[in-house]
Amino acid sequence: MTEPLGRLTSLSIFRRMLLMRHFEEAVIRLYNEGRFVSHYHIYIGQEATGAAVLEALGQDDLISTTHRNHGHIVGRGADAGRAMAEILGRATGFNGGRGGTLHICDASRGFLSTSAVVGGCASLATGAAFGIKVNHQARVATAFFGDGALEEGVVIEAFNMAALWKLPVVYICENNSAGAVGMQGGGYPTAITATDSFCRLPAAYGIPTKVVDGTDMAAVYRATVEARQHCLAGDGPVFIEAFTDRWPGSNPLWPELATVTELAQAWEPDSIGGAHAEWIRHHDPLLRAVRDLLAEGHLTRSEIVAEDQAARWRIEQAITFAVDSPLPLPETAEQGVFA
Ligand SMILES: Cc1ncc(C[n+]2csc(CCOP(=O)(O)OP(=O)(O)O)c2C)c(N)n1
Ligand SMILES: [Mg+2]
């Protein structure tokens, strides 16, 4: 077991996780109400990874992310209202409503760009790390990507350059293929690769690698702190693989609200039921965080409930802001267009 974290760090990670979770449950509800039309991806089940990595990063660090970006954006402290407005295609969204769910980006929080091109984020972060190095800056670049990105040639090229030039980049591979049914089972795609271990790919270039349980916030946090120090010391890139069991709601091609969060289930496990009881009981990172916070004496049950209510309220505000925001004006359609 990983050594527990201090109270302030645990609490800060937990708060990020709560925002991520309630944001995503709201996104699915808004989709089901017909508030937006587009394919979208949900971060539920991976919150401990994103929240702990973001906690470990510095304010000036740079980040690139993927099609599954909502959790990273709100977990970094970006305005949840503007993020939701972007998903709903509103003029007040981070990209003026033009990027949508796949491209939410808040440059003021260090996001470089959000690429839905699988693997694209690895090259963006590697390029940013090159900039950091040549400008002698004391910060790192981080790329979040899924296991599917390891099928992409650009990621392997990025590993090579980062290793050759000892670039300050932390690669976070969020491997969510465990429990996924995949395309052959009629669900969402999973990685198809000949390697028996993703870590062998960066390791072939001499990049240090670490595998962590992606539902263990302490393990992810400590691995990221160490990786960041490695980068800041000028020792080059690090690769972290965080395992999580796929949330059942992300199995179908279109997300479904397969489970609904009830934090009391952490201390009342007998109240857990339904088709996905096994996932809730053993793989929900948020319930695990609650159990850890209680076990370490960092929060009481009533404090946990109060934290949950505060996060729910913030997301309610975000929804109201987004829904009440105007659509972009038709005469602005050509703004931000290259050609
Ligand atoms: C270059 C490219 N190829 C294919 C796609 C279509 N696509 C979207 S998500 C996805 C699977 C990505 O899997 P992974 O990287 O593991 O991320 P996850 O969705 O599991 O978090 C694919 C193939 C894409 N967006 N970009
Ligand atoms: Mg995946």
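Buried means under 20% relative accessible area, exposed means over 50%, and partly exposed lies in between (1.4 Å probe, protein chains only). The model is predicted: local features need pLDDT of at least 70, side-chain atom pairs count only at pLDDT 80 or more, and totals for chains, interfaces and linings use all residues. Residues are numbered from 1 along each chain as its sequence is written, chains are lettered from A and ligands numbered from 1 in the order in which they are written, and side-chain values use heavy atoms, with hydrogens and water left out.

**Cysteines.** A disulfide here is a pair of cysteine sulfur atoms within 2.5 Å. The count by this rule is zero. C121 is in none; its nearest cysteine sulfur belongs to C173, 9.9 Å away. Go to C173 next. It is buried, at 0% relative accessibility. Its closest cysteine sulfur is in C199, at 7.9 Å, which is too far for a bond.

**Nonpolar patch.** Now show the surface and select F130, V134, M161, L164 and W165. Together they make a nonpolar patch of about 500 Å². Patch residues have over 30% relative accessible area and no salt bridge; like charges are joined within 9 Å, nonpolar side chains (Val, Leu, Ile, Met, Phe, Trp, Tyr) within 5 Å. A salt bridge puts a side-chain nitrogen of Lys or Arg within 4 Å of a carboxyl oxygen of Asp or Glu. Areas are Shrake-Rupley values with a 1.4 Å probe; for residues, only the protein chains shown count as cover. Helices α5 (120-134) and α6 (153-164) each supply at least two of the patch residues. Helices (H or I, at least four residues) and strands (E, at least two) are DSSP runs, numbered from the N terminus. Pick L164, in α6. It is exposed, with 60% relative accessible area.

**Helix α10.** Select residues 285-295. P285, L286, L287, A289, V290 and L293 are buried here. Their cover includes α1 (7-32), α2 (47-56), α8 (217-232), α9 (277-283) and α11 (301-324); contact means heavy atoms within 4.5 Å. At the helix start, a side-chain oxygen of D284 comes within 2.8 Å of the backbone nitrogen of L286. After α10 comes G297, with a positive phi near 70 degrees.

**Last stop.** Select S325, in the segment after α11. S325 is buried, at 6% relative accessible area. Leaving out residues up to four places away in sequence, S325 touches R90 and T92. The side chains of S325 and T92 make a polar contact (2.8 Å). Such a contact is a pair of N or O atoms within 3.5 Å; within protein, one must be able to donate a hydrogen and the other to accept it, and residues adjacent in sequence count only if both atoms are side-chain atoms.
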